Amino acid sequence: MAAMIPMERASPEERRLLKLFRALEPQDRATLLAFAQFLMAGGAANDTRPSNQKDETDALAQQPRPEPRPQDESVIAAIKRLRRVYPMLDPGEMLHETSSLMAAHVLQGRDAGAVIDELEYLFSAHYEALSKSDAQEP
């Protein structure tokens, strides 16, 4: 059961967010919740170490771990799946592109399937670039 935020303890931002949430239509509430979940699943939240402190040797040695794409997969689930498939990629480096695609889906209504196709291409392209740069290093 979700805990209720007592209004007397809530910050001004929390009270404003709750007012805005309550004023939304049900489908817009669902969109806002989906976007909040996306932000919570963000790469920086999963590993707070600066990218220069990560063990790049282990990451580069890893190969993609393909997972089948579920039918009717949500964009958030696809991002999580692709992060599992490509654990060697730094999510922080991809955050701008990933969040732009997520925003296009959530805020502009782009089809989830098309956005997931682009996410798969994005992750694959970043992996290929990482593989090429790794192969060129002495």
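**View 1. Helices α5 and α7 run roughly parallel to each other.** The axes of helix α5 (residues 75–85) and helix α7 (residues 112–136) come within 10 Å and cross at roughly 20 degrees, where axes are lines fitted to C-alpha atoms, for helices over the stretch in contact, and angles run from 0 to 180 degrees between N-to-C directions. Angles under 35 degrees count as roughly parallel, over 145 as roughly antiparallel, 65 to 115 as roughly perpendicular and the rest as oblique. The model shown is predicted, so that local features need pLDDT of at least 70 and side-chain atom pairs count only at pLDDT 80 or more, while totals for chains, interfaces and linings use all residues. Residues are numbered from 1 along each chain as its sequence is written, and side-chain values use heavy atoms, with hydrogens and water left out.

**View 2. Residues in the contact of α5 with α7.** From α5, the residues Val75, Ala78, Ile79, Arg81, Leu82 and Arg83 meet Ala112, Val115, Ile116, Leu119, Glu120 and Phe123 of α7, contact meaning heavy atoms within 4.5 Å. By class, this contact of α5 with α7 has nine nonpolar, no polar and three charged residues; Ala, Val, Leu, Ile, Met, Phe, Trp, Tyr, Cys and Pro count as nonpolar, Asp, Glu, Lys and Arg as charged, and the others, Gly among them, as polar.

**View 3. A salt bridge between Glu120 and Arg81.** The side chains of these two residues meet at 2.8 Å, N to O, a salt bridge being a side-chain nitrogen of Lys or Arg within 4 Å of a carboxyl oxygen of Asp or Glu. Glu120 lies in helix α7 and Arg81 in helix α5, so the pair ties together parts that are 39 residues apart in sequence. Arg81 is buried, with a relative accessible area of 4%, whereas Glu120 is partly exposed, with a relative accessible area of 25%; buried means under 20% relative accessible area, exposed over 50%, and partly exposed in between (1.4 Å probe, protein chains only).

**View 4. A salt bridge between Arg69 and Asp117.** The N to O distance between the two side chains is 2.6 Å. Arg69 lies in the loop between α4 (56–61) and α5, and Asp117 in helix α7, so this pair ties together parts that are 48 residues apart in sequence. Arg69 is partly exposed, at a relative accessible area of 34%, and Asp117 is also partly exposed, at 43%.

**View 5. Helix α6 packed against α7.** The axes of helix α6 (residues 91–106) and α7 come within 9 Å and cross at roughly 170 degrees, which makes α6 roughly antiparallel to α7. The contact is made by Glu93, Met94, Glu97, Thr98, Leu101 and His105 of α6 together with Ala112, Val115, Glu118, Leu119, Leu122, Phe123 and His126 of α7. By class, the contact of α6 with α7 has seven nonpolar, three polar and three charged residues.

Key
Helices (H or I, at least four residues) and strands (E, at least two) are DSSP runs, numbered from the N terminus.
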